[in-house]
Amino acid sequence: MPREVPQHFTSERVHNDMAAVAVEFDAELMLRVRDGDAESFVLLLERHRGPVIHFLHRMVQNQGVAEELAQEVFLRVYRSRGSYEPTAKFTTWLFRIATHLALNSLRDRRGEKGHESLDDGQQEGVRLQVPDRQPSIEQQMLREVRLGEVRQAIAALPDKQRAAVLMHKYQDMEYSQIAGVLCCSESAVKSLLFRAYETLRARLAHMA
Amino acid sequence: MGMQCPIQAREHPEVLLNYCAGKLHPETTSLLHEHMQSCPECRRFVKAQTALWNALDAWQDAPISPAFDRRLYSRIAGREAQKGVFGRFWDRMPRAPFSSAPFRWQPAMPVAAACLFLTAGVLLYVPAGIPTREIPVENSRGESLAVDVEQVERTLDDIEMLRQLSPAGQPGAKSATAPDSRNL
């Protein structure tokens with residue numbers, strides 16, 4: 001009697017297959033870029049522009065700086081096309097460059113006064129959080145306050161913990177991939193995430 | 001068989017995080033559900049982590065500047081133009097044989113330093129067998145002095161010239177440059 005395959009195993013396999021195809025596709029595109037195919041670079045940019053900019057934005061909490069850093073990320077990808085070898089996952093390599101640049105930028109800006117980013121984000125929050133059904137002024141203000149608190153809580157995390165949380169929560173990355181980006185072991189990533197979420201739960205407990 | 005408490009078994013803290021993120025394997029999920037019925041600590045953890053997960057959802061993606069791609073392409077074009085003929089030539093330079101690895105500067109630096117050191121050594125080296133142009137002389141106190149041959153020759157010439165200029169070439173004449181005031 002044939003055993004029926006459970007639904008979740010089928011969907012998991014489909015998901016894994018799709019992920020594998022995406023990985024191969026990125027590597028294939030990058031190899032084509034290496035061989036001088038500009039169209040493939042356009043496709044790569046199309047696929048990864050959003051995730052990289054959003055990640056950088058949450059890291060440095062300033063959209064202008066995030067876009068500037070993202071430009072540098074893609075410029076570096078283009079510059080290193082000649083030496084590209086598909087030994088690691090393309091997104092791991094991409095986010096490693098992005099994280100490196102973000103951490104450098106944070107270190108450079110740490111001493112600067114007048115950290116304008118949070119004000120910047122609150123305006124952005126107003127623009128982004130308005131759904132089709134117009135919320136009341138009180139609801140809007142409450143959302144702004146909550147968003148500000150979330151941003152501040154994330155900004156207060158140590159750099160590596162912040163990068164790990166952003167990749168885990170918003171980029172939906174696996175532990176192994178985050179470990180590849182941060183150049184540490186998988187167990188170190190789990191520990192980083194556990195401590196980071198512990199801190200965030202304590203800081204944002206009043207929002208529960 | 002029931003599940004071991006993920007909080008007490010510190011080696012598996014990610015089980016609860018994965019559960020709250022909706023990434024836990026369905027089989028493990030049902031085991032965790034069963035465990036949580038008898039574990040208030042895990043229930044508390046899941047409640048707090050789910051609330052945090054939802055709170056973090058408030059931070060949505062910001063819109064990207066429409067000029068982003070254009071700026072990037074113009075930077076790439078600018079760089080390509082800056083590279084010019086030399087850059088394109090460099091790009092096409094053959095790499096190390098049987099390898100597609102790019103040329104790296106790091107191994108070349110010690111070799112360059114060694115070449116520089118050898119060149120400096122060759123330029124500064126003076127063989128011991130070649131005599132110098134200095135001759136040892138002694139002063140009145142018997143101290144050894146190094147005097148240049150040319151300098152001695154020039155001095156002898158000057159003395160000879162002064163001797164010719166002095167009246168009647170007397171050896172007792174004082175000096176041609178400081179004539180005796182009695183002769184004026």
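Student: At what angle do helix α7 and helix α8 of chain A pack?

Tutor: Good place to begin, and keep in mind that this is a predicted model. Helix α7 covers residues 159–169 of chain A and helix α8 covers residues 175–182. Their axes are 10 Å apart, and the packing angle is about 140°.

Student: In which hand does α7(A) pass α8(A)?

Tutor: The angle of about 140° goes with a distance of 10 Å between the axes, and the hand is a further part of the description. For α7(A) passing α8(A), the crossing is right-handed.

Student: Is A:D172 buried or exposed?

Tutor: First find its place: A:D172 sits in the loop between α7 and α8 of chain A. Its phi is near 60°, a positive value in a residue other than glycine. A:D172 has 11 of them, so the word for A:D172 is exposed.

Student: What is the phi of A:C183 near?

Tutor: A:C183 lies in the loop between α8 and α9 of chain A. With 10 other C-beta atoms within 10 Å, A:C183 is exposed. Its phi is positive although the residue is not glycine, with a value near 55°.

Student: How is α7(A) oriented to α9(A)?

Tutor: The axes of these two helices come within 9 Å of each other. They cross at roughly 95°, and angles of 65 to 115 degrees fall into one class. That makes α7(A) and α9(A) roughly perpendicular.

Student: Which residues in α9(A) does α7(A) meet?

Tutor: On the α7(A) side we find A:K160, A:Q161, A:A164, A:V165 and A:H168. The residues of this contact divide into 6 nonpolar, 2 polar and 2 charged. The partners in α9(A) are A:V189, A:L192, A:L193, A:R195 and A:A196.

Student: Which residues have the most contacts inside the largest nonpolar core?

Tutor: That core has 59 residues, and helix α2 (residues 38–60) of chain A gives the most to it, with 8 residues. One of the residues you want has already come up: leaving aside neighbours within four places in sequence, its contacts include A:I178 and A:L193. The two names are A:L56 and A:A164.

Student: Which helix gives the largest share of the side of chain A that touches chain B?

Tutor: Here 33 residues of chain A are in contact with 25 residues of chain B. Several helices of chain A each supply at least two residues of that side, among them α3 (63–79) and α6 (137–155). The residues of that side divide into 15 nonpolar, 8 polar and 10 charged. The largest share, 7 residues, comes from α2(A).

Student: And what pattern does chain B follow along the sequence?

Tutor: Chain B has 6 helices and 2 strands. Of its 184 residues, 9% are buried. Read along the sequence, the pattern is α-α-α-α-α-β-β-α.

Terms used: Residues are numbered from 1 along each chain as its sequence is written. Chains are lettered from A and ligands numbered from 1 in the order in which they are written. This is a predicted model: local features need pLDDT of at least 70, side-chain atom pairs count only at pLDDT 80 or more; totals for chains, interfaces and linings use all residues. Helices (H or I, at least four residues) and strands (E, at least two) are DSSP runs, numbered from the N terminus. A residue is buried if 20 or more other C-beta atoms lie within 10 Å of its own, exposed if 12 or fewer, and partly exposed in between; C-beta atoms are placed from the backbone. A nonpolar core is a set of buried Ala, Val, Leu, Ile, Met, Phe, Trp, Tyr and Cys residues joined through C-beta atoms within 7 Å. Two residues are in contact if their C-beta atoms, placed from the backbone, lie within 7 Å. Ala, Val, Leu, Ile, Met, Phe, Trp, Tyr, Cys and Pro count as nonpolar, Asp, Glu, Lys and Arg as charged, and the others, Gly among them, as polar. Axes are lines fitted to C-alpha atoms, for helices over the stretch in contact, and angles run from 0 to 180 degrees between N-to-C directions. A crossing is left-handed if the near helix is turned anticlockwise from the far one by less than a right angle, and right-handed if clockwise. Angles under 35 degrees count as roughly parallel, over 145 as roughly antiparallel, 65 to 115 as roughly perpendicular and the rest as oblique.
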